[in-house]
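My notes are below, in the order I took them.

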Amino acid sequence: MILSRSSLLITSLTGLIIFGITFVTSASVYVAVDLTGDPFYFAKREIIFIFLGVLAILILVNIPTNLYHKYDWVFLLMSLALLIALFIPGIGKVVNGSLRWIDLGFFNLQPSELVKLALILYIAGYSVRRTTELSTLIGFIRPMMILSLLSLLILLQPDLGSTVIICSLVLIMLFFAGISFSQFLFLISVLGFLAYIAIIYTPFRLARLVSFRDPFAPEFELSSGWQLSNALIGIGRGDLFGIGLGNSIQKNLYLPEPHTDFIFAIILEETGIIGGFLLMLLFILLITSIVQISFDALRQNRLFQGYVCFGIGSLLSIQSIFNIGVNIGLLPTKGLTLPFISYGGASLIIFMLMMGIVFRVDFENRNLD
């Protein structure tokens, strides 16, 4: 029996959430004991974040998507205000040298996560309102000016990883919506040049890039190559079937951020290539379902809804590929979470909000058929 799109969406999302809480619990034990004395500190918080995320889905599935189209600019202004608020003394919180969080007491809000959702809604709305102008110079420049402002504020935190993600997201959405191939190539060239400048003139980013080529080299192994070398050791130890759930050695304070940025390495160490393949299969099923819902909306001439779902599917693809690529040594080390899997309240809740919108679009699609 072939599952319906809704069933496939729910099944794959549920699978990812189960994967996430299982490995946040496993990967965070030693870190939690070291920081708080409670081995299940992060696991307990993650369960609360999941509950809040499910509640967000239940709320958003009852909100008509036309409201997002009408007020997409409000979400953009909110995210811009939060990015600016980071730099106001007493509001922004510095962690590991980066000014990326606003302390709300129970959890830290990361404005760059909200920017991703705001940009998806705004670019989708702009592409519908300015369909005939997208291939013109003025229609092309307007969203680029907004993207440039948001990117600058995120780079100042500093956070090159999130900047690369949102630029890639906007580029893909605009190309899907109708910008010309020459505009697409021009954007890739400009963004590539700016990324080169951001790396080459920042010593710690350049060190990460250089060490990425050989993290085990003596000059890098105990510095910029430490994370990647320990991730690769864990992955190698996992082999095909892994060393068993909970048995990771690298999570015992060898691999930094084992429950966040490098959780995929712990998954491969404990469950092997088989576990990693199963996780990637769940992502493929989820993203495929979202893209199919996007095409359903487009066939019904519901362009905004189609673009939004395509943007959400694209974001999940980009961020998952980046995180997995970093963990297995295909990309230079950057601090990016694995959606639904890594520990983090802001990231998880924002992605659950996105899923609430996808479920609503699917509901509207089926009721219009």
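**Entry 1: the second largest pocket.** I am working with a predicted model. I began with the second largest pocket, whose volume comes to about 840 Å³. Its lining counts 36 residues, and Leu160, Thr163, Val164, Leu191 and Ala195 sit closest to the centre. I then looked up which elements give two or more residues to this lining, and found α6 (137–155), α7, α8 (181–200), α9 and α12 (303–327). Which element gives the largest share of the lining? That is α8, with eleven residues. By class, I noted 26 nonpolar residues, seven polar and three charged around this second pocket.

**Entry 2: the largest pocket.** Next I turned to the largest pocket, which holds about 1,200 Å³ of space. I found 46 residues in its lining, with Val95, Asn96, Trp101, Glu257 and Thr260 nearest the centre. Two or more lining residues come from each of α1 (5–36), α2 (41–60), β1 (92–95), β2 (98–103), α5 (111–129), α7 (160–177), α9 (203–212) and α13 (345–368). The classes here are 16 nonpolar, 18 polar and twelve charged.

**Entry 3: the cavity.** How many cavities of 30 Å³ or more are there? I get one, and the largest cavity has a volume of about 30 Å³. Its lining is made of Thr337, Leu338, Pro339, Phe340, Ile341, Ser342, Tyr343, Ser347 and Leu348.

**Entry 4: helix α2.** I then asked which residues of α2 are buried. They are Phe42, Ala43, Arg45, Glu46, Phe49, Ile50, Gly53, Ala56, Ile57 and Leu60. Looking down the axis of α2, I see its buried residues within an arc of 155°, so they line one face of the helix. What do the buried residues of α2 pack against? Their partners are α1, α3 (66–70) and α13. On the other side of α2, I found Phe51 and Leu58 exposed.

Methods: Residues numbered from 1 in each chain as written. Predicted model: local features only at pLDDT ≥ 70, side-chain atom pairs only at ≥ 80, totals over all residues. Heavy atoms only, no water. 1 Å grid on protein atoms, 1.4 Å probe; cavity = no way out; pocket = protein on both sides within 12 Å on 5 of 7 lines; lining within 4 Å. Points joined across faces, edges and corners; volume = space filled by probe spheres on them. Helix = DSSP H or I, 4+ residues; strand = E, 2+ residues; numbered from the N terminus. Nonpolar A, V, L, I, M, F, W, Y, C, P; charged D, E, K, R; others polar. Buried < 20%, exposed > 50% of the residue type's maximum accessible area, 1.4 Å probe, protein only. Arc of directions from axis to C-beta. Contact = heavy atoms within 4.5 Å.
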